[in-house]
Amino acid sequence: MLIDPSQRYKPYTPLKLVGRTWPTKTFVKAPIWLSTDLRDGNQALANPMTGDQKITFFRLLVKCGFKEIEIAYPAASETDFSFVRYLIEHDEIPDDVWIQVLTPAREDLIRRTFDAVAGAKHVIIHMYNATSAMFRNVVFKNSKEQTIDLAVHHTSLIRELTDQYAASHGTTFRYEYSPETFSQTEVEFSVAICEAVKTAWGKADTGNQRIIFNLPATVEVGPPNHYADQIEYFCTHISERERITVSLHPHNDRGTGIAAAELAVLAGADRIEGCLFGNGERTGNVDIVNLALNLYTQGIHPHLDFSDIQNIIDIVTQCNDLPVHPRHPYAGELVFTAFSGSHQDAIKKGFEEQARRHARNLANGEAQMWDMPYLPLDPADLGCSYEAVIRVNSQSGKGGIAYLVKQHLNLDLPRKLQIAFYQVIQAISDREAREMTVEDIMTTFRSIYHFGGPKYEGRLALRTFSITAEPSSGPFDTDEVADERRWFDGALSVDGMLRVIRGDGNGPISALLDALRSHLDIDLTLREYSEHTIGEGQTAKAASYIELVATTDDVKERRSASQSWWGVGVDSDIAAAGLRAVLSAVNSAIGDRPLPELKLSIGFNSTTGQADVANAIVNSLKLQLPRRLQVAFFEVVQRAARDSGGQISYEDLIKLFVEKYGYETTRPYRFELQSFDFAKSNVAGRRQITAELLVDGESQSISGEGNGPLSAALAALHTQIRGTLSIREYIEHSIGEGADVKAVSFVELVYEVEGRNKESVWGVGSDSDITVSGLQAIMKAASSLNDVDKSVVVAE
């Protein structure tokens, strides 16, 4: 920072306003509100909303009671144009709601804007052009006269088009003009250009026919009292004030957007444009929730409904992908919480006194007024519980326990989990009538949340998993990138038995929950998720926290459910951390209730599924079959079961697998690798194999070249067969631990030869050497093909 900032920055120039009246005024009613979340808010997002998110947000704004909503800048992109058309064509706009669309003063964009709103019932056309000296002189090189002519010419065009579209489509239009950068424009010039625009419009009248002059603090460059002076000057110098709606559009560059809006309303403004929770360019637009609830705490109804503020927060944060700060007025998770002991004591006494006062009020037929220390608003009016407030004199206990967990386990618990774990510790302390030591607290945490290794594992434990993605249908707007579904394939230890489960969802967590629902009849839903990083660099791990509730059809019931289960997971892989947290919570939820048993009898006509077969293989042979191999072997099992009267025993199932894919058998195969050697090829990046191969018991010397060991082996094998072999899928995993560990390889080969249909075969190999394991799998897969060697001639 500079020692003398006056050498770089100029202060604002105060407005000499004689007889200003706004400082002595008070609020008596709410202003007109316009939400610009879908336009100004959306354009400020790093990741703009998808079509579906915009629809969800629009419906939320309607539900909150907004009667004027700026929905888009439709000429800016096909995405915005299509969104406007969707709302109109799908009858999403209530009859009492005015949609507003933005356009600059350009003829082609204005005409495109009218095309977008064709057929809507009530439309506000919002046109702007920049008016400040900076923009006139530097950006556009226009004089004041040219700036006025630009606004007047395009206002006349908008008047012509409103008449045309009103006649052809029955639309009722209103007009809004913004002298952009108003807060940096000479107030006399702002009045002059608006007078010229009003004359060019020529239709300003009272009621809904009032012209809207929107006076934005495009950049907040002065204190809020200066903005109020500018607004009062405009209101007292513009002609035909009764035919004008003076609108505000404050930004928050100086952090005084709320104050600027409130003082400007006292100065004569009728209307405020802003966003929920203050989203917008740079430091944001003015926060309409904050403004509205400020009025509410003064006994003035804002005519907006925020009685379920948590639902509003959920939707807004999901659509904007921006959090609401824990200290955000009225909406932050900590705004009704006191950590200071003196604050806690005052609130506790305030509740007690208010209960007595309200009882007297009720007896006397008087209003039960809210009057509490540190709490200007009753949390219940916003749909919030008294949990944090009523338990305030135990907040320090929760905070202390959370501090110890963070210090000893590096876990920064979310606040709701702090409360849940505090209740566990408090119950133990009360029951045993003793102080809980750090060791007691840590042991209890590990036991409750199954955290900290095999000693604390619950009935369900994650062994292996894979997450794959596949495209899903996207939103209506074809310009948006379609979301992807996620598939979970994994092996869990369930009461000591390995189980293979599979599910899908919009992410790894929902896919695992779907798998648990499908395979183990565990039906739970995610209510809250948070995460943070432990450590730095290569040793960093992810810590995940999950809150689950019982699944119900009623979303609001799930959100307000009193019973929930928390889970904690830590892993170097963020997806695995979340999955472990899910199982941590699930273990608490299921307790000791019975789970569906693993089936050991497989029948062609029974209810047995592919997962049951995979479960049998993983428990007996410790092999985690790839999904495509699960499908292929399940067909083999079905045929075998059909041939044996509809059932196949567990032992016969395992034997069938071993025989089919040559897993760790000693019987001879058509192609058996006796020895091999790899060398670098003369071609960069390629490998060459020379090997001794038994072909139907006869030794053959072969060689081949490829990009790696497996492709080189295939090339060598081609010297012994007709047609071609190619690898469709190769997967490997390890079995055992320490010195006993070995690699298992799964290979799917595709065989093609003229005169035969394409064939697909699998092979399974295992060895302490992973290369040998892969080569074994290839030879066993090739051996299962019939009539492939070059000595066999197929009759024409």
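Reply: Let us settle burial first: a residue is buried when its relative accessible area is under 20%, exposed when it is over 50%, and partly exposed in between, using a 1.4 Å probe and protein chains only. What you see is a predicted model, in which local features need pLDDT of at least 70 and side-chain atom pairs count only at pLDDT 80 or more, while totals for chains, interfaces and linings use all residues. Residues are numbered from 1 along each chain as its sequence is written, and side-chain values use heavy atoms, with hydrogens and water left out.

Me: OK, so is Asp521 buried or exposed?

Reply: Asp521 counts as exposed, because its relative accessibility is 51%. Asp521 sits in the loop between α17 (508-520) and β12 (524-534), where helices (H or I, at least four residues) and strands (E, at least two) are DSSP runs numbered from the N terminus. The phi of Asp521 is positive, near 55°, in a residue other than glycine.

Me: Which other non-glycine residue has a positive phi, of about 60°?

Reply: That is Asn410, which is not a glycine and has a phi of about 60°. Asn410 lies in the loop between α14 (395-409) and α15 (415-432), and with 45% relative accessibility it counts as partly exposed. As background, most residues other than glycine have a negative phi.

Me: Zooming out, how many helices and strands are in the chain?

Reply: The protein chain has 24 helices and 22 strands. Its radius of gyration, taken over C-alpha atoms, is 36 Å, well over the 28 Å that the globule rule gives for 796 residues, so the chain is more spread out than a compact globule. That rule is 2.2 Å times the number of residues to the power 0.38. Along its principal axes, the C-alpha trace spans about 110 × 75 × 60 Å.

Me: And what share of the residues is buried?

Reply: Buried residues account for 48% of the 796 in the chain. The chain exposes about 37,800 Å², of which carbon and sulfur atoms supply 49%; such areas come from the Shrake-Rupley method with a 1.4 Å probe, and for residues only the protein chains shown count as cover.

Me: Which residues have the most contacts inside the largest nonpolar core?

Reply: Those are Trp33, Ile71, Phe213, Ile231, Leu276 and Phe277, in a core of 104 residues. A nonpolar core here is a set of buried Ala, Val, Leu, Ile, Met, Phe, Trp, Tyr and Cys residues joined through side-chain atoms within 4.5 Å. Helix α7 (residues 187-201) gives the most to this core, with seven residues.

Me: What is Ile71 in contact with?

Reply: With neighbours within four places in sequence left aside, the contacts of Ile71 (heavy atoms within 4.5 Å) include Leu38, Phe58, Phe83, Leu87 and Ile99. There is also a second, separate core of 27 residues, which includes Ile702, Leu710, Ala713 and Leu749.

Me: Which residues of helix α23 are buried?

Reply: In α23 (residues 709-717) the buried residues are Leu710, Ala712, Ala713, Leu714, Ala716 and Leu717. The elements covering them include strands β17 (671-680), β18 (687-695) and β19 (698-706), together with helix α24 (770-783).

Me: Now Ile590, which helix is it in?

Reply: Ile590 belongs to helix α19 (residues 574-590), and its relative accessible area of 4% makes it buried. Apart from neighbours within four places in sequence, Ile590 is in contact with Arg459, Leu460, Ile522 and Leu595.

Me: What does Leu109 touch?

Reply: Not counting residues up to four places away in sequence, Leu109 touches Tyr73, Ala75, Thr103 and Pro104. Leu109 is part of helix α4 (residues 107-117) and counts as buried at 13% relative accessibility.

Me: And where is Ala640?

Reply: Ala640 is in helix α21 (residues 627-643), and it is partly exposed, with a relative accessible area of 22%. Beyond residues up to four places away in sequence, Ala640 touches Ile648 and Leu656.

Me: Last one, how far apart are Gln610 and Val500 in space?

Reply: Their C-alpha atoms are 9.5 Å apart, although the two residues are 110 apart in sequence. Gln610 lies in helix α20 (residues 610-621).
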